[in-house]
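Dear colleague,

I am handing over the structure that follows, and below it I set out what was found. Please read the text with the structure open beside you.

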Amino acid sequence: MSMLEIEKLNVWFGHGRDRVDAVKDASFTVARGESFGLVGESGSGKSTILRAISGLAPLWSGRMVVDGLALGKVRPKTFYKTVQMVFQDPYASLHPRHSVDQVLGETLQLHGFKDIDARVVKLLDDVGLGQKFRFRYPHQLSGGQRQRVAIARALAPQPALLLLDEPTSALDVSVQAEILNLLVDLRREHALTYVMVSHDLSVVGHMCERLAVMKGGEIVEVMGVDTLRRMEAKHPYSQSLLAASV
Amino acid sequence: METLLDVEDLWVKFPSRQGVFDAVRGVSFTLGRERLGIVGESGSGKSMTGRAILRLIRSPGIVEATQISLGGDDLMKKTEKEMRAVRGKRISMVMQDPKFSLNPVMTIGAQIIEAYRQHNKVSHADAYAKALEMLEAVSIRDAERVMRAYPHEMSGGMGQRIMIAMMLIPNPEILIADEPTSALDVSVQRQVLDIMDKLVKDRGMGLIFISHDLNLVADFCDRVLIMYAGRIVEICKADKLNEAKHPYTRGLLNSLPRLDAPRDHLEVLKRDPAWSEAPSVSGRV
Amino acid sequence: MAEQSLRQWLLTDTPTSRRHAKLSALYHGWLSFRGNTMAMIGLCILLALVAVALFAPLLAPHDPFVQDLGNRLAPLGTDSHVLGTDSLGRDILSRLIYGSRITLYIVALVALIAPVAGLLVGTVSGYAGGWVDVVLMRITDIFLAFPRLVLALAFVAAMGAGIENAVLAISLTAWPPYARIARAETLTIRAADYISAIQLQGAGAMRIITRHIWPLCISSLIVRVTLDMAGIILAAAGLGFLGLGAQPPSPEWGAMISEGRRFILDHWWVATMPGLAIFTVSLAFNLLGDGLRDVLDPKGGE
């Protein structure tokens, strides 16, 4: 059974004359345990698809099925035990006045866990931070460490599907390598399914098995990563993206 | 090769409660009529170096140098008033995000014309014609419409081209570009770089290109300085960057994912404290 | 040595417990506040005021209510009346010392009521949006549209004169600006990724507003409140002056000026001394507010 099915998804912002169609008739499926990439330039609608899945973009039509459950306008609370998201900018995705302990503790509490202390310790170990970071505030952490905290927060409810919105584009290349390695390991250990958005073809090529190329809100091509590596993209736009990134 | 700029033993210091923090530590290099790349990670001091040349470090930061010689004039000896004549006129700077560099409530045309008339005593009509010419030089089609537009109506690539056009109006000897294409999509990035390249070549300017992107710099520049913890750790010809020797440069290159060489895990940079202790390599020719 | 290690313990960047992390953050704030001389002066004046109010019976040389008509309008430096006496022969210094209690009482009550009401209205309005926002903000506009003193006067006239009613009247006119500030802050905070992140954990609106938005709004409100304190003291004094606040013989500073006004040409100190007291306390609040703005402003952080 597939983990995620998207069929004829349309997402828009605003009403009437101000309406902007961000995603048009997008369809793809992601198998359980697979890592799927969404590639495109800014404004192509790739992040909007993630926000629609997670419920942060309320205006949409079409069909979205996560883990066999068709999504409606309102997400049940159990939905967030299945789907979690990591945001692009680690400097903006952590509350500036909450310590790492508060961030993880509150998340665990919201999901109804009882053994919070033990779980916070475990989560920090999982993302390679260790206990000395537990009571630090975001301004005492580097960009890479913050992104690790954000990943720990996403892992807290033990989700099956992780939505990654350009998780490394705000980081230096050496830190990017550390975070990407962490994501590869976590996926293996926790049998996670990834949907990863990136503008960087080589990052998606490294992380994903299949990818969709987006342009102007539409998916122009879905291909396997081998096709990408052999430079055999069919659509002229995918070819131009490939040419520009090598 | 003729030397346009000679920087010798440049330091940027920030005194704080915990002691003095050195952002740039004894950097020396020269710039001829070439494209000089400065690469490094965030916090390596690459942007500080660019700003320090123009003495644009905000208080409490302090700039110290044996000399920053611009065609024989030592910029370190100039007063703040004399520096204002250097900035823009002889050395221009292009920043990362054009949105913050353009005035949001003035049309683009008005801003270019104002910038042009600040440096040249000409009539409004002449300045208008010149502004159109500048926009066309940076490959902006439909320049008359762009002149009437406001900055928020422009895409990132357009905005950056307009910034470059404005910076080139006074015909500076040196252009400092601080991550000029980092906010742009790859396809637009290429166009902006091509325009910059053409202008620099045609006018015989010196270009200092500051970036975190190794591949981009290797592709675009002639010579590359690699900075780490405020020092230059290595200098190499841009086309020889793949043969770089310093473990830091090698580590950066190896940590990039590559489409043609799939790996299970990426190589992680192991930082050696000795790198930041070693004296800065001189980039003077 | 022990002090040195306590300092190191507070300045560590690897706290070992929740309490340690909180104390460390507080200590960092205190250090940057202490670096601001003017703010420290403001804080010292206010601490002195609190001390004076607490120990008024010990400090005051005379009973503030005892009249001595034979010794009325005594000038400064008269025997045992350092600041002179008023029209009924009461010691001005003692009245000022007891009056500090009333001033602090008014300030504390207004500081509790107005910003809290404003914070509640503003954050709910900003976070909920839609018709809730429209309704709440129009109500705010209505209150803003009234001239402050006129609204307060009308309220006091309807409810009767007295300190409590004066406090309520001032609070009633003071909350709308706080609601505006809180709403504007909420609008920017609402769009932040960390709010999206907590929504993705299934958190409800109440939790997001109280736990995630309030902590970020409060700092700018505290700053605004301390800057407004001067205005609040003056408004209370103004109501007292008009005879609608504290009632005689209560030694409220505004009421004292009101009484002294009749003699201002021949016996200037009677009105000037309470005026100086109001001026000093207002200035102290302003200095404190400036310093707090530097410490609390999240944008000015490290």
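**Strand 3 of chain B and its neighbours**

In strand 9 of chain B, F209(B) is the bridge partner of G37(B). Please bear in mind throughout that this is a predicted model, and that what I describe was computed from its atoms. The pairing to which that bridge belongs is between strand 3 of chain B and strand 9 (residues 206-211) of chain B, which run parallel and are joined by five bridges. On strand 10 of chain B, the residue that stands opposite G37(B) is V224(B), and here strand 3 of chain B pairs with strand 10 (residues 223-228) of chain B, again in the parallel sense, over four bridges.

How many of the five residues of strand 3 of chain B are buried? Five of the five residues of strand 3 (residues 35-39) of chain B are buried, so the strand is largely enclosed by the rest of the structure.

**Strand 1 of chain B and its partners**

Strand 1 of chain B takes part in a set of antiparallel pairings, which I give one by one. With strand 2 (residues 19-31) of chain B, strand 1 of chain B runs antiparallel and is joined by ten bridges; the two strands form a hairpin with two residues between them, and L10(B) stands opposite V27(B) in strand 2 of chain B. With strand 4 (residues 62-64) of chain B, strand 1 of chain B pairs in the antiparallel sense over three bridges, where V63(B) in strand 4 of chain B is the bridge partner of V12(B). With strand 5 (residues 67-70) of chain B, strand 1 (residues 5-16) of chain B likewise pairs in the antiparallel sense, over four bridges, and L5(B) stands opposite L70(B) in strand 5 of chain B.

**Helix 7 of chain B**

Helix 7 of chain B is mostly covered, with eleven of its 13 residues buried. Among the buried residues of this helix are M158(B), R161(B), I162(B), M163(B), I164(B) and L168(B), and the list also includes G159(B) and Q160(B). As for its length, the 13 residues of helix 7 (residues 156-168) of chain B should span 18 Å at 1.5 Å a residue, and the end C-alpha atoms are 19 Å apart, which agrees.

**Chain B as a whole**

Chain B contains eleven helices and eleven strands. Its C-alpha atoms, taken along the principal axes, fill a box of roughly 60 × 50 × 40 Å. A compact globule of 285 residues would have a radius of gyration near 19 Å, and the 20 Å of chain B agrees with this. Of the 285 residues in chain B, 39% are buried. If one considers the contacts in chain B with a separation of 6 or more, residues 24 or more positions apart account for 68% of them.

The chain is divided into domain 1 (5-90 + 172-277) and domain 2 (100-171), and the C-alpha centres of these two domains of chain B lie 27 Å apart. Their contact takes 14 residues from domain 1 of chain B and twelve residues from domain 2 of chain B. Which element gives the most to the side of domain 1 of chain B that touches domain 2 of chain B? Helix 8 of chain B does, with seven residues. By class, that side of domain 1 of chain B has ten nonpolar, two polar and two charged residues.

**Contacts with chain A**

Between chain B and chain A, 21 residues of chain B are in contact with 23 residues of chain A. On the side of chain B that touches chain A, the elements that give two or more residues are helix 8 (186-203) and helix 10 (247-254) of chain B, and helix 8 of chain B gives the most, with three residues. The residues of this side of chain B divide into nine nonpolar, six polar and six charged.

Chain C also touches chain A: 24 residues of chain C are in contact with 26 residues of chain A. The elements of chain C that give two or more residues to this side are helix 2 (18-34), helix 9 (193-199) and helix 10 (205-241). By class, the residues on the side of chain C that touches chain A are eleven nonpolar, nine polar and four charged.

With best regards

How values were computed:
Residues numbered from 1 in each chain as written. Chains lettered and ligands numbered in written order. Predicted model: local features only at pLDDT ≥ 70, side-chain atom pairs only at ≥ 80, totals over all residues. Contact = placed C-beta atoms within 7 Å. Nonpolar A, V, L, I, M, F, W, Y, C, P; charged D, E, K, R; others polar. Rg over C-alpha atoms; globule rule 2.2 N^0.38 Å. Buried ≥ 20, exposed ≤ 12 C-beta atoms within 10 Å, placed from the backbone. Domains from an automatic or database assignment. Pairing = 2+ DSSP bridges. Expected span 1.5 Å × (residues − 1).
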